[in-house]
Amino acid sequence: MTATKGLEGIVATTSSISSIVDGVLTYRGYNIDDLAENATFEETAYLLWFGALPTAPELQALKRDLSRFAAIPEEVIAQMKLYPKDTSTMAALRTAVSSLALYDDAADDMSREANEIKAVKLQAQLPTVVAALARIRKGLEPVAPKEGLSIAENFLYMLWGQQPDMVSVKALDTALVLHADHELNASTFAGRVTVATLSDIYSGVTSAIGALKGPLHGGANEAVMRMLENIGDLEEVEPFIQGKLERREKIMGFGHRVYKNGDPRAKHLMRMSHELGVMKNDTTLYDMSVKIEELITKQKGLKPNVDFYSASVYTQLGIERELFTPIFAISRVSGWTAHILEQYVDNRIIRPRAEYTGLSEQKYVPVDER
């Protein structure tokens, strides 16, 4: 047996949920460009869970379910208020999602019907949890979800405490579509490994959140925003980037293991970044990002991934960078739960082997002789 570092190139399972072939990302056979330009996030989540775009009645039923499940237990809100103030939002989210299982009587019901309901419930509740965490950290009371709003609109409403403008809602909705699934990425694989033991769906999603928390996965967009903040303005972009290149420092938001010719999602976020900048009469973040892209592509041959322009999109929506990765989770829980449901259908425990590189033929020596 020979180990493959990072499992690169290893096909670990079969899946009909999403694919990346020749740089083209599809959900259930639909090109991500088609979905980003035409589908709502609710339609996209339904597609991932059930394998087809919903009919009008099916979409209305899903929206009703998402609305009725959106509230979270008061006990969970009370717990969140006790979290240390300096706890990272992703750590708090991981803990809160795990605790949601304690207040779901069907948490350990492993029937297909029960797990489908829990998938919808988790999708409905994650935006409420993230918005509540954000407000509690500011010393504000959480805002209850409002009936009849989309996931994107309700999240911004709960976050801001007022009705959001529809340009912001559309931008966030599209970002959610783009982040919804991405084949067998680290967090999805973590979730599938957990439920392959026949653990419950809440445990699977908690595992996935733990994997997403890492800066090499979901945290990259936060690093991009910190870089933009450190640069400050357009005139400082070139000396800053040149300095990092000369010091051989990693520049977050560029390159991707599975995309050699660029991430197909990046162009949609780039367009949104520009549109939001124009709407706010300040394209500084967009202009800085474009300049960075030009420099990195010219000198390193790397193209931006989904994290790069999402940083400026979220910032221009008035969202703090500590919420970037939790928003990623709000979207990706649709994909995580789709993969978990798929894992349950034809399950076998995921138990790979390791190439042993340690000592051999060791003999026990009594403690007083060592």
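**Reading a predicted fold, feature by feature**

Reader: Let's start with one side chain: is Lys138 buried or exposed?

Author: Exposed means over 50% relative accessible area, buried means under 20%, and partly exposed is in between (1.4 Å probe, protein chains only). Lys138 has a relative accessible area of 53%, so it is exposed. This is a predicted model, in which local features need pLDDT of at least 70 and side-chain atom pairs count only at pLDDT 80 or more, while totals for chains, interfaces and linings use all residues. Residues are numbered from 1 along each chain as its sequence is written, and side-chain values use heavy atoms, leaving out hydrogens and water.

Reader: Where does Lys138 lie?

Author: Helices (H or I, at least four residues) and strands (E, at least two) are DSSP runs, numbered from the N terminus. Lys138 lies in the loop between helix H6 (112–137) and helix H7 (151–160). Its C-alpha is 9.3 Å from that of Lys85, although 53 residues separate Lys138 and Lys85 in sequence.

Reader: What about His217: is it buried or exposed?

Author: His217 has 15% relative accessibility, so it counts as buried. This residue is found in the loop between helix H10 (201–212) and helix H11 (220–231). Contact means heavy atoms within 4.5 Å. Beyond neighbours within four places in sequence, the contacts of His217 include Asn185, Ser187, Asp307 and Arg332.

Reader: How many helices and strands does the chain have?

Author: There are 16 helices and three strands. The radius of gyration is 22 Å, close to the 21 Å from the globule rule for 370 residues, so the chain is as compact as a globular protein of that length. That radius is taken over C-alpha atoms, and the rule is 2.2 Å times the number of residues to the power 0.38. Of the 370 residues, 50% count as buried. Among contacts between residues at least 6 apart in sequence, 75% join residues at least 24 apart.

Reader: And how should I read the sheet: in what order do the three strands come?

Author: Strands of a sheet pair through backbone hydrogen bonds, either parallel or antiparallel. Two strands pair if DSSP finds at least two bridges between them. Here the three strands form an open sheet in the order S1-S2-S3, with antiparallel pairing. Strand S1 (18–21) and strand S3 (30–31) are the edges, each pairing on one side only. Strand S2 (residues 24–27) pairs with S3 over two bridges.

Reader: Which residue in S3 is the bridge partner of Tyr27?

Author: The partner of Tyr27 is Tyr30.
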